[in-house]
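Colleague: I would like a close look at a single part of this model. Please keep to what can be read from the atoms.

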Amino acid sequence: NTGSASLTLEAVDTTAPSAPVISTTAITTNNTTQTIAGSAEAGATVTILDGSAVIGTTTANAAGAWAVSVELASESAHSLTATQTDAAGNTSSASAAVVITIDTTAPVVSLNRIADPDNGLFDSGFSVTDSASVTITVDGVALDAAAVAAAFSSATNAGVTAYTANADAFVGTEVIVVSATQTDAAGNTGSASLTLEAVDTTAPSGIGFSLVTDSGSSSSDGI
């Protein structure tokens, strides 16, 4: 007696797909939630890795496009890669990495008074980080660029700009408030402000006197 059987195997796929592509570009940002996007085989499961840690998975659509939101909590450079797993369970090698740098620290803005060298009770101006944006108000009125140039002379050295009040610009009674802000590449903003002590760059007026004729009986008594 002879028994027999036959079958036709379904498609056998033991070949790993090629690595997926990440289309998201490198960036430095203070936003810890990022959307990573790219392309893969249609229907493949895409896994996003931060180094060796899995931080997200998604499925490529019929056109092979995919996108997933990931959380990058630590303040550092995150090297992200992606792999794809096809319907047969074959997993690709990792894609080329994209680096997302998280920076949530605001820049430090240096803003300091410059004392009047002739009288420490007065200020002659201020110094500030040269890359900062500066706003100066005098008695509550913000100075425009022309007014700042008329009131102060400036010089930059080693990353710091010194503003020195010009002659006759102030009489010592003005309230001068300086505000400075700086925004870094990641979008973080640092700020500083100060109120200057009295700034007086106006010389006092001269002492007036006049000559009179000595009309008294004595020509030598001075009256």
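Which side chain of opposite charge is nearest to D86, and how far away is it? Please go on from there to the aromatic pairs.

Modeller: This is a predicted model. The side chain of opposite charge nearest to D86 is that of R113, and it is 68 Å away. D86 is buried and has no salt bridge; a salt bridge would need a side-chain nitrogen of Lys or Arg within 4 Å of a carboxyl oxygen. The residue sits in the loop between β7 (77–85) and β8 (98–102). What the side chain of D86 does reach is the backbone nitrogen of A88, at 3.1 Å. Setting aside neighbours within four places in sequence, D86 has contacts with D13, T15, P17 and E41.

Now to the rings. The whole structure contains four aromatic pairs. One of them joins F126 and F152: the ring centres are 5.7 Å apart and the planes stand at 70°, so this pair is edge-to-face, the cut-off for that class being over 60 degrees. F126 belongs to strand β10 (residues 119–129) and F152 to strand β13 (residues 152–157), so the pair ties together parts that lie 26 residues apart in sequence. Both F126 and F152 are buried.

F152 also pairs with F170, here in a tilted arrangement, with 5.5 Å from centre to centre and 50° between the planes. This second pair again links distant parts of the chain, since F170 is in the loop between β14 (160–165) and β15 (176–183), 18 residues from F152 in strand β13. The relative accessible area of F152 is 5%, so F152 counts as buried. For F170 the figure is 3%, and F170 is therefore buried too; the limit for that label is under 20%. Taken together, ring pairs connect F126, F152, Y163 and F170 into a cluster.

A162 is in strand β14, and among the residues it touches is F126, a member of the ring cluster. A162 has a relative accessibility of 25%, so it counts as partly exposed. R113, named above as the nearest opposite charge to D86, is 49 residues from A162 in sequence, with 9.4 Å between the two C-alpha atoms.

Methods: Residues are numbered from 1 along each chain as its sequence is written. This is a predicted model: local features need pLDDT of at least 70, side-chain atom pairs count only at pLDDT 80 or more; totals for chains, interfaces and linings use all residues. Side-chain values use heavy atoms; hydrogens and water are left out. Helices (H or I, at least four residues) and strands (E, at least two) are DSSP runs, numbered from the N terminus. Buried means under 20% relative accessible area, exposed over 50%, partly exposed in between (1.4 Å probe, protein chains only). Lys and Arg count as positive and Asp and Glu as negative; His and the chain ends are not counted. A polar contact is a pair of N or O atoms within 3.5 Å; within protein, one must be able to donate a hydrogen and the other to accept it, and residues adjacent in sequence count only if both atoms are side-chain atoms. Contact means heavy atoms within 4.5 Å. Rings of Phe, Tyr and Trp (its six-membered ring) pair if their centres lie within 6.5 Å; planes under 30 degrees apart count as stacked, over 60 as edge-to-face and the rest as tilted.
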